[in-house]
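Open the model in your viewer and keep the selection panel at hand. The tour goes from the whole chain to single side chains.

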Amino acid sequence: MALLLMSPGIQGVFDPTETADTARKVNDQMHKLYRMGPYVDRFLTWGCVAMQDPQGAAKEAERCVKGLGCCGILINGFSNVRDPDAGEVQYLDEPQCEPFWARLAELDVPLYLHPRNVAPNQSHPLRSNEFLAGSPWGFARETAEHALRLMLSGLFDRYPHLRIVLGHCGEGLPFAINRVDHRVRHFRKGSYGAHQHPLRHYFTNNFWITSSDVMTQSTLECTIREPGADRVLFSADYPLEDVLEIATWFDGLEIDEPTRAKLAYGNAKVLLGIK
């Protein structure tokens with residue numbers, strides 16, 4: 001089982017003087033609890049970093065991978081920066097994040113782009129229905145838009161071997177990515193990002209998808225068809241969901257056994273470097 005710090009995590013720490021220290025403490029504690037002692041053969045951990053300081057995040061990512069044996073790096077969406085009252089946030093495609101991406105490419109480990117609630121200054125459409133800003137709806141909207149920003153930015157042209165993990169059957173992108181490509185082709189060239197390929201190229205080459213408690217066979221089947229069976233992983237989303245319930249659903253899926261084996265453990269072995 002691969003464990004990570006749930007959202008908003010370090011990205012939700014408003015005080016910039018505390019973010020890096022908090023990330024280090026979390027990473028050290030997870031290493032102590034799950035990568036030492038009697039549980040070392042049962043658990044993997046994702047390292048967390050403070051993107052409020054991309055240079056420091058690059059250094060902490062290296063410490064996580066080389067010093068603590070983390071299987072990858074977790075980022076819980078956008079980061080709160082500067083004035084919290086003004087609702088200022090930072091996304092991963094912004095220029096100041098480049099040192100982090102360069103280091104991650106060198107480390108050659110995946111990044112899990114985990115959802116968080118929609119930023120308050122972007123949640124006006126949900127007024128009087130604020131509960132939708134989180135996992136019922138906002139998680140998918142926020143994370144899908146963040147992933148699109150990364151694709152449009154040219155990030156994957158600069159670092160073509162980056163691997164990004166999205167949960168919840170791809171946060172809706174398997175069903176929308178071709179539509180996005182179809183429409184942006186009508187725009188004036190150069191007005192829709194610095195990317196060199198259609199967005200579906202990046203989605204199928206740079207992204208991996210977990211099922212994360214989406215318990216609908218038709219949804220999972222559509223997800224598999226888009227990036228392919230080699231890019232989809234089963235996950236339970238514990239402790240927010242019941243592992244036994246999710247596992248029982250997965251075991252009862254009407255899919256061929258080679259595909260089930262890939263989703264259950266084969267793809268995770270490849271992605272996370274499990275021996």
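Predicted model: local features only at pLDDT ≥ 70, side-chain atom pairs only at ≥ 80, totals over all residues.

The stops below start with the fold and end at the aromatic rings.

**Whole chain.** Show the protein chain as a cartoon. Its secondary structure comes to 10 helices and 9 strands. The radius of gyration is 18 Å, close to the 19 Å that the globule rule gives for 275 residues, so the chain is as compact as a globular protein of that length.

**Contacts.** Now look at how the chain meets itself. Of the contacts with a separation of 6 or more, 73% are between residues 24 or more positions apart.

**Surface and interior.** The accessible area comes to about 13800 Å². Carbon and sulfur atoms hold 54% of that area. Next, colour by burial: 48% of the 275 residues are buried.

**Charges.** Select Lys and Arg, then Asp and Glu. There are 28 positive and 34 negative charges in the chain. How far apart are the mean positions of the positive and negative charges? They are 6 Å apart.

**Aromatic rings.** Hide the surface and select Phe, Tyr and Trp. The count comes to 9 aromatic pairs. Zoom in on one of them, Phe100 and Trp101: the pair is edge-to-face, at 5.4 Å centre to centre with 65 degrees between the planes. Are these two residues, Phe100 and Trp101, buried or exposed? Both are buried.

**Last stop.** Select Phe156, Tyr202, Phe203 and Phe207. Ring pairs link these four residues into a cluster.

Definitions and conventions
Residues numbered from 1 in each chain as written. Heavy atoms only, no water. Helix = DSSP H or I, 4+ residues; strand = E, 2+ residues; numbered from the N terminus. Rg over C-alpha atoms; globule rule 2.2 N^0.38 Å. Buried < 20%, exposed > 50% of the residue type's maximum accessible area, 1.4 Å probe, protein only. Contact = heavy atoms within 4.5 Å. Areas by Shrake-Rupley, 256 points an atom, 1.4 Å probe, with all protein chains shown as cover. Charge placed at Lys NZ, Arg CZ, Asp CG, Glu CD. Phe/Tyr/Trp six-rings, centres within 6.5 Å; stacked < 30°, edge-to-face > 60°.
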